[in-house]
Amino acid sequence: MPVSYPVRRLLSPRRPVLAALAAAALAAAALTGCSGEDGPESSVDAFLKGWRSGDLQAVGFVDPIGARIPATEVAKQIKALSGELAATPPELTRAGEAKVTADTATARIQVTWTLPGQTRWSYQSPVRLKHGSDDQWQVIWEPAIVQEKLEKGDRLALRRDAATRAGILDAAGSPIVTPRPVVRVGVQPSEVTDVKALVRQLDAGFKAIRPALTPPVDLADLPKRMADADPDAFVEVVTLRDEAYRQIKSRIYDLPGTKFRADKLDLAPTREFARALLGSVDPAQADDLQAHPDKYVRGDLVGHGGLQGRYDDRLRGVPGLTVVTERRAPDGSTGPTDAELFRAEPKPGQPLKTTLEVATQNAADAALRGGDRRSALVAVRISDGAVLAAANGPGPAGENLAFTAQVPPGSTFKMVSALALLDKGAVTPETTVDCPKTLVVDGRTFKNSDDFELGSVPFTTDFAKSCNTAFASLAPQLGADGLAAAGRTLGIEETWDLGADVFTGKVSANGSATEQAAAAIGQGTTVVSPLAMAGATAAVARGHWEQPKLVLDPAPAEPAPAGPTLKAGAVAALKTMMRAVVTSGTASALKDVPGKPVYGKTGTAEYDNNPAHTHAWFVGWQGDIAFAVFVEQGGSSTASAVPISERFLRALA
């Protein structure tokens with residue numbers, strides 16, 4: 001019987017060689033870094049994700065000697081080390097592959113903080129890892145991960161350097177707001193024996209200052225502030241411009257306990273100088289800090305209202321930022337170290353150049369000074385449309401009636417109505433137009449101021465004497481949209497871009513016969529602003545409309561295009577009629593004003609259903625300056641708007 005033997009399979013001599021090569025390849029991969037799911041990169045990525053979210057539970061941590069650290073403790077330390085930057089976690093990315101040596105690895109991460117003002121600070125930090133017994137890569141926690149120079153107990157802190165605020169420039173390129181001398185008036189409580197007497201004497205002294213130089217000084221809380229203060233403290237009462245202080249120095253200097261400190265503040269030439277248009281610059285208020293915590297800090301100067309507010313970012317520049325380390329002392333206090341980690345130098349603000357002219361603005365402010373009603377005066381250079389002055393009388397701070405009022409223009413709008421009638425050939429200056437005491441249109445009675453009547457007179461006389469009934473009777477010849485169309489040729493209702501808010505007007509159109517009659521005399525639903533009327537008046541004087549200019553640099557992006565050339569014959573006739581207003585009409589008080597001839601139109605505008613409630617207007621020009629004056633509830637224009645116009649023109653003479 002044959003004997004069988006088991007067959008032994010012979011090993012190939014190549015198999016041990018291949019196995020050895022595979023093992024060597026795996027070892028090399030471990031030494032040069034692994035991007036697989038179980039490699040150190042996965043732990044680094046999980047750490048970065050947890051740093052951003054504040055939840056590090058998916059990551060294992062050990063200290064440099066290998067002891068485990070709870071993830072919650074690491075999160076707590078990261079927040080503490082981040083210090084003043086903790087509220088806005090950084091952007092975090094891994095910078096390349098980890099380098100592995102045996103059971104340790106080192107990776108680098110890119111850390112990018114967004115600092116206030118969108119300033120970015122970027123750097124790389126090392127992250128060391130250890131391969132644990134559980135076959136997982138654990139992050140070796142140390143403060144240097146947050147930033148290489150940080151040690152235990154340190155924190156990141158910000159130092160902020162305010163940028164130099166730029167100025168608003170006048171037409172000559174000179175700063176309107178510059179450092180000007182002021183005097184801080186205060187009292188030292190320990191030297192005052194009779195507080196009530198001191199308050200009375202200070203009050204009398206402050207009231208002796210001309211109103212234009214300082215706002216009213218409220219002393220109601222002074223006794224309490226003195227009582228609450230340290231006896232030797234300087235309790236500030238008011239800061240006065242130097243010229244205001246000098247007016248009353250003899251009244252207050254020797255009063256018991258009064259103290260005085262000279263200083264300088266950024267101020268306009270006068271307290272009232274275009275203040276509603278310019279706005280103000282004040283220390284950051286609670287509303288500013290709450291609305292823009294990333295932009296402002298306590299103590300910053302912030303523009304409020306007007307051009308200062310609108311262009312605050314441009315004017316204030318970019319604050320400088322320095323990131324430093326602070327170290328906590330044993331008593332819990334923190335102090336700076338010598339480590340400066342990052343610096344961004346402050347960038348000064350850029351100035352804002354305007355068309356304002358100091359002499360003209362001063363004349364406008366002076367013309368309104370002393371009035372007790374809200375008012376406005378706007379002056380525009382005819383040759384190029386530059387706004388030379390924008391003055392506002394008494395009223396809420398920051399209210400720029402000169403640009404944004406929406407009020408009926410009254411009889412000043414007869415300038416527009418007359419242009420439309422002359423342009424259509426409906427009348428000439430010599431055409432006889434009846435001016436009765438009253439005129440009834442569809443049941444509504446129109447009448448003239450003080451019930452005057454002129455009878456049948458030339459249209460020029462109707463215009464010069466401001467006859468409402470004559471214009472109301474001519475309204476049908478303008479058609480449904482004729483008055484609005486004429487207004488648009490003078491810039492009214494157009495969209496302007498001049499670098500500040502402005503209301504350009506709204507003219508009644510397509511109304512009933514009664515509404516058309518009212519619109520012809522500047523009543524009804526027609527409303528304008530003083531700047532709109534000044535621009536329209538300049539257009540008549542020029543022969544075509546151009547959008548007024550205010551901000552030159554930065555230039556507005558989309559100024560309105562120039563209007564069409566007005567018919568020469570109609571404009572010449574209207575100019576003759578506007579001159580007659582001054583020589584023989586309702587503005588005769590201006591006929592002896594020095595200088596070139598004055599042209600204009602008065603206006604009295606009802607603002608409700610009571611004929612006794614009226615605004616007062618005057619629009620006109622002299623030489624190269626067109627202007628508009630508005631007085632809220634001013635009554636007769638001859639008693640309020642015309643005298644203001646006279647003061648303005650005489651100041652410029």
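Select Cys435 and Cys467 and look along their S-S bond: the torsion there is about 105 degrees, so this disulfide (a pair of cysteine sulfur atoms within 2.5 Å) is right-handed. The two sulfurs sit 2.1 Å apart, and the structure holds one disulfide.

Before moving on, note that this is a predicted model: local features need pLDDT of at least 70, side-chain atom pairs count only at pLDDT 80 or more, and totals for chains, interfaces and linings use all residues. Numbering runs from 1 along each chain as its sequence is written, and side-chain values use heavy atoms, with hydrogens and water left out.

Now color by secondary structure (DSSP runs numbered from the N terminus: helices are H or I, at least four residues; strands are E, at least two). Cys435 lies in strand E20 (432-435), while Cys467 is in the loop between helix H14 (459-464) and helix H15 (468-474), 32 residues away.

Next, select Asp266, Leu267, Ser280, Val281 and Asp282. Of the 36 residues lining the largest pocket, these are the closest to its centre. A pocket is an open set of points on a 1 Å grid over the protein atoms alone, where a 1.4 Å probe fits, with protein on both sides within 12 Å along at least five of seven lines; lining residues have an atom within 4 Å of a point. Elements giving at least two lining residues include strand E10 (178-187) and strand E12 (258-267).

Last stop: Asn448, Ser449, Asp450, Asn468 and Thr604, the closest to the centre among the 28 residues lining the second largest pocket.
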